[in-house]
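This report goes through selected local features of a structure. Please have the sequence and the model open while reading.

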Amino acid sequence: MRELTYLEAVREAMSQEMRENDDVFILGEDIGVYGGAFGVTRGMIEEFGPERVRNTPISESGIAGAAVGSALTGMRPILELQFSDFITIALDQIVNQAAKLRYMYGGKGKVPMVLRTPSGSGTGAAAQHSQSLEAWVAHIPGLKVVQPSTAYDVKGLLKAAIDDDNPVIFYEHKLLYKTKSEVPVESYSIPLGQADIKREGTDVTIVATAIMVHRALEAAEELEKDGISAEVIDPRTLVPLDEETIVKSVSKTGRAVVVHEAVKRGGYGGEIASMIAESEAFDYMDAPIRRLGGVAAPIPYNPELEKSAVPQVPDIIQAVKDTLNRA
Amino acid sequence: MAKEVFMPKLSSTMEVGTLLQWFKEEGESVEIGEPLFEIMTDKINIEVESYEEGTLLKKYYQLDDEIPVNTVIAYIGEESEAVPKDPPVGNDQEGSMEERESSSTTEATETESNVKESQSNKVRATPSARRVARENEISLHSIQGSGPKGRIQEQDVAEMVSQTETKLSTPLAEKIAKDKGINLHNVQGTGSRNKITKADVIGHDTASSDEPERIQLKGLRKAVAAKMLESARSIPHVTLTTDVDMTKAMEMRQALLPIIEEQTGYRLSYTEIIMKTTAHVLGSHPYVNASLIENEIILNKSVHLGLAVAVENGLIVPSIQHAEAKGLAELTVMSKTLGKKARNNQLTPEEMSGSTFTISNLGMYAIDGFTPIINPPETAILGVGRIVRKPVAIDNAMEIRPMMVLSLSFDHRAIDGAPAAAFLTELKECLESPYGLLV
Amino acid sequence: MKSFDLVVIGGGPGGYAAAIRAAKLGLSVALVEGRELGGTCLNRGCIPSKTLLKHAEVIEQIKESKTYGITVNDFSFSIDAMVNRKNKVVNQLRNGIKGLLRQNKITLFNGYGTVADDKTVTISSVNETQKIQAKNVLLANGSTPFVPELPGLDTISYHTSDTIFDLKEVPSHMVIVGGGAIGLEIACIFNSLDTTVEIVEMADRILPNEDADASDYLASQLEKNGVVIHTNTKITGFRNSDGHIIVDMDKQGKQQTIETDSVLVSVGRTPNLTGIEKLSVQFDGKFVKVDKNMGTSAPGIYAVGDLIGGYQLAHAASDEGIRAINHIVGIATNKEAIIPRCVYTFPEIASVGLSESDAKEAGYAVKVKKVDIAANGKAIASGENRGFMKIIAEEKYGEILGVVMVGSHVTEMISQGTSFMHLEGTVEELENMVFPHPTISESLFETAGAWLGKGIHYS
C-alpha cells in the first residue's frame, strides 16, 4: 500500500469529503493560496475554489462563530486554527455555543462542525505556541475530542469527525505531520470512541495519546530487551473514551502507565487513571497506576529544556519498570 | 483514666521486643507486680510485670509481633473505661520521625472488614494480590511481600498458592517426609504423574544433607557476635598466663564443701573460690577493676563480678554485685542460681549488667590457658583453665601437684603490663595460700 | 539383508511381550522362535501345570463331595482326555499370541537364531538359512530343566517338566527329585491322581527359598494327603531292577531305598545358551550378566528372563522385557519391580517382597503379624479354611516390606499386597481400607489390624 504523511492524510480526507459532499467547506487563516500555517490545505483552493476554501480575518472567535452559524444552517464546516493555543480566543463560541445549542434547541438544531488545530511542543515554538490543552475541551459536555497519532488514523478519524453531527475538536500534533504510514486511497471511517491496541503485551499497559503513542512504542521495544512485555493502547478519541479496551487490557496486565504530553496536573491522564481505578480492573491491579505528563511550567523556548518539559522515551521506560518493581 | 502499658526498653541497644506471651486476657483484673506479658529482646526473654492495677482493657498486639520500644501495647484501667480501638500512633517518645511516619501509613491502609487482624499488623498488598488471596482463601498475613516496602504483589500470592497446592505423594513418602521434617513441596516426584515416592523423599534427604546448614545471625547470637567484634576490634588485648598450684585451694574446698552444702544445699566449686580470691585481690588493684568509657578510666569502688555462662546459642554474663563483700557460701548460692537462670533465660536486666570484671571458666574442659576477650566497658577478664596434676619442682625435688593456668587479658589502653602482672601474681599467691583470705 | 530395529530371540513370555511393546512404541520388530510360541511357560510350564492342577482340584472336590452332602457314586478319569484338554488350552493360547504378533506387524521367523556381535542374526530352520540385521537384540532364550549328574540317572528313564505333562499312563508311584515349586505342583497333580508321591529334597525343608511358615504349613498339608517328604536327603544312585526303579538315598546319614515306577527330576532350570555361544557377552555364573536396564556387556544386546537368572518367573521375564524396550526407546524406568511369587499347590502359596529374615538383614526394624484364616467366614463356608496371611512391615512408618499368603485362591489375592507395596501404601492405609465381607481376602485386612494392635477378630 502506498504511504502518506500524516499531513497529506488530513488533506486527502478533507478533499475526498469535499468532493463527495457539497456542504463541506473549510475556513481559516491563510488556508487559501498560502496553504495554511503548516501547509495542510496547500493546493485545495486550486481544486475547490475560494468559496469552499475560505480565508478569514485573524479572529479565532470570528472563525468559530461563523462555523457555528453555518453548521446550524446545515453546512458541515471544517475550521482550522493555526495553533491550538489560540482556541482560548474561540472558546466562547465553542463552549457556550457549539457545545450547547443542540441540547438547548431540544435536538431541533445541530452543529456538525470540525475544529482542526495543531497542538503540542517540540518545534521550538515557545510557550504560546506549544501547549496541549485537550483536557479543557474534553471537560465540556457536547464536544467530542480526537487525537490521532498516525496517518492512517488521522484520515479515518477525520472522515468520522466530519460525518458526526456534533462539534468535534480535532487535534493534530505538529511533530506528527511529517510521519508516514500506509494509508488506503479510498475514503474510510474510523468510528469515534474506538481505541487501538498499537502493540500487544502482557506485563503492563501503556495508555498513550498523540505523539506519546510513538514514544511508548519505542519504550516498549527497549523494554522487550529486558524481558518486559508492554501493551500500548492509543485511545484515539478522548471523548468518547473507549473504556472497555483499556479496562480489558489493564485487567490482563495488572499494571497501567498513562502518558500524555499535556501538563500532568489536571491532565486527561487523571481521567483515564480514575476510570481504571473505578472499573473492574481494580481487582487486577498489581501496582499503583502511574501517570506521566508535562511539567507544570510553560513550555520553554530552549530546545533542551523544551524536551525535558514533556515525557520522553526513557521516562516511559522508567515508569514501566517502577510499576514492575524492576527499577 | 486508663493507663498505657508500654513495650519496655530493657537495654540501651534494644529497639524492638517480640511479644511471646500474654499472661492476662482482656477483661481480667491485674495487680501491681503481676506478670502481664513475656517478651524476647536481642538478649533475653523476660516476663514484664504490671506497674498498674485494674482491668486489662485492651491488648493491641499478638504473639510474635515485633513491637518498637515505648509503644503502647495495652491499656489497664477501670472496667468499661473507653480506650482507643487502635494503638495510639506516635507514642514512641524516643522513636524517630521515620518510625512515626511508617506507622501512620500503615494506619491508612487499614480495611474495615479486617479490623481484628489489622490491629496488629496491617497488610500492604496490591488489589490484585488481595483478589488472588481471596480467591484462594489464603491469609495475606502469611505472605512475605516482594514489592516496595514489603508490598505483597500478585506474584507473591501466586507463589504461596502454588506452594500450598497439594502434590501427589504416596502415603509412605508422606510419613517419611513428615518424620524427617521435609517439605514435600521441595521434593521432585518420579512416580506416575510425578507422584512423590519413598525413594524421592530419601533421595531428597540425602541430597540436602550434603548442603551445609545455614543459620541466620539473630537474637542472642547476633548480640554476642557484635559485642565480640566490637571488643576484639577496638581493645588492644594483652594476655598474661601463670601456673597456680592449687594444693591448698583443694584442701580448703574439701574442708568447706560439706559445711557450705549443709548450709545452702549447693556444692562449693573452684569457680567460687577463684571468684572470692579475685574479688579480694581486685580490692587492692583498682586499675584492673576499672571501666573504660570514652576518654575516661573509671576506677570502680566495688567489685561486680561477671561470670561468663554458656547458654544455648550464645553466651551470657550475669553479674554478682559487691562480690568482695560476699562470703563463699553466698557466692556459691549466687553463682549457681544465676547460672541456672541464665540457662533458663530468666535473668533480669539488672542481673545482667554492671559487672566490673569478668571470669570465664573453661576448667571443665581439657583447656589450660587461652586468650579471653574483654567484656567492655570492663578493662580485664580472667580465663580459668582446668586443674591437672603435673610434676613441678619444689625445693629441688620433683613433686606432683594439682596445677591450674590462669589467663588474664587486659585492655592496654587502661592498664599497662606491670600492674596487670602484679595483679595476676598476687592472685596466684592468694590462691596458693587461700587462708590469707581470712586475714 | 532385512533389517529391524529390534530382533527378539525367543517367543516366551519374556520375548513376545517385549516384541509387542516394542512394536506398539513404533519399532520394527522380528521375533525368532525355533519351537512353539509361548515358550516354556505356555507349552511346558505354567499353563500345562495349571490345567492339570485344575483337573486334580476337580478330582479332590469329587472325593470330598460327601462333606457337602453330595454323593458321587462312582467316578473315573482318563489321563488321555486330560492331556488332550491341556493341549487344547495350550493351542488356544498359542494362537492368541500368534494373532497378537500379526496384529502388531511383527515378523515371525521360525528357526533358531544365532546372534553375532555385529547384531546380525542367522536363522536356521529345516529348509533354509537366512540372515537379518538388528539395531538391537533382545535375548529371551529361556531355559531347560536342569538335570544333575546323579549316579545311574543315565541308565533309567526319567521325566522332567518337559515330558511329564504328556504322560500316557498314570504311574502308581513317583519319586520327585527336588522340593521346589515345580516338583510340588506336580506332586499335587499326581497325588490327586492316586499316585503315591515321594519328594526328595536336599535342603532341610521344601520350598527352601520361601517363607518358612509357608513351607512348613504346605509340608504338613501334603503329608496329610499322603505325600511322603524326605528332607535333608541326597540321592546317591538310581538302578533298574525288575522293571522297577530303585532310588538309593542318604537321609541324614542313613541309607534308604525307594522302589518306584517313575522319577521326575525337578531341581531347577539351566539357561538355554543355544545361538549365543559365539557372542562376547559377559556371564555371571551360568547366567548372562545384565545391568538394571537389562543391557548385556555387548552394546545394543539385551537379555531377559531365565537367561539372566533371578526369579525365573514368567511375569518377571515379561517385566524385564518391557524394561529393556523402555531403555531402547529412552523411557526411564525408575522403580525396581516388585515381583510376586506364586506356588499353585493345595493349598496355594503366594508371596511378595522381602521375607522376615531378608528384611532384617536389609536393616529394617521389622514387625511381623501372621493371622490364620481358619476362622474366616467365607473360607469356612467353602471348606477352604486352611492357611494364613502374614504381613512383614517396617515398624516406624508401617511400610509393607513383604506379604505371605497360604490358602485357597491366595494367588489371586497376592496382588492386593503387591498393589500396596507398589503404591507405597502402609499398614495404616491397608487397615483403613474397606474389604468386602465375606471374602477370604478379609484376612489381609485382619492381619493389618492385628499388626497395628487394633484387630477386630485377631490381635
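## Cysteines

Is Cys430(B) buried or exposed? Cys430(B) is buried, with a relative accessible area of 11%; buried means under 20% relative accessible area, exposed over 50%, and partly exposed in between, using a 1.4 Å probe and protein chains only. Cys41(C) is buried too, at a relative accessible area of 17%. Over all chains, a search of the whole structure finds 0 disulfides, a disulfide being a pair of cysteine sulfur atoms within 2.5 Å.

## Basis of the model

The model is predicted: local features need pLDDT of at least 70, side-chain atom pairs count only at pLDDT 80 or more, and totals for chains, interfaces and linings use all residues. Residues are numbered from 1 along each chain as its sequence is written, chains are lettered from A and ligands numbered from 1 in the order in which they are written, and side-chain values use heavy atoms, with hydrogens and water left out.

## Helix H1 of chain C

Helix H1 of chain C covers residues 13-24. Helices (H or I, at least four residues) and strands (E, at least two) are DSSP runs, numbered from the N terminus. The expected span of a helix is 1.5 Å times one less than its number of residues. For the 12 residues of H1(C) this gives 16 Å, and the end C-alpha atoms are 16 Å apart, which agrees.

Of these 12 residues, 9 are buried, so H1(C) is largely enclosed by the rest of the structure. Among the buried residues are Pro13(C), Gly14(C), Ala18(C) and Ile20(C). The buried residues of H1(C) pack against strands S1 (2-9), S2 (29-33) and S6 (129-139), and against helices H2 (39-44), H4 (79-103) and H8 (314-329), of chain C. Just after H1(C), Gly26(C) takes a positive phi of about 100°.

## Nonpolar cores

A nonpolar core is a set of buried Ala, Val, Leu, Ile, Met, Phe, Trp, Tyr and Cys residues joined through side-chain atoms within 4.5 Å. The largest has 73 residues, and those with the most contacts inside it include Phe37(B), Ile73(B) and Leu305(B). Helix H9 (residues 270-282) of chain B gives the largest share of this core, 7 residues. Domain 1 (3-120) and domain 3 (219-438) of chain B both give residues to this core, so it lies between them; the domain bounds come from an automatic or database domain assignment.

Leaving aside neighbours within four places in sequence, Ile73(B) is in contact with residues including Val5(B), Trp22(B), Phe37(B) and Tyr60(B), where contact means heavy atoms within 4.5 Å. Another core, of 59 residues, lies apart from it, and includes Ile26(A), Leu176(A), Ala319(A) and Leu324(A).

## Met212 of chain A

Met212(A) lies in helix H7 (residues 211-225) of chain A and is buried, with a relative accessible area of 0%. Not counting residues up to four places away in sequence, Met212(A) touches Val259(A), His260(A), Glu261(A), Val310(A) and Pro311(A). Ser149(A) is 63 residues from Met212(A) along the chain, and their C-alpha atoms are separated by 8.4 Å.

## Backbone details

A cis peptide bond joins Pro376(B) and Pro377(B), with omega about 10°. Pro377(B) is in the loop between strand S16 (357-361) and strand S17 (380-394) of chain B. A cis peptide bond also joins His437(C) and Pro438(C), with omega about -5°.

Although not a glycine, Asn325(A) has a positive phi of about 55°. Asn325(A) is partly exposed, with a relative accessible area of 30%.
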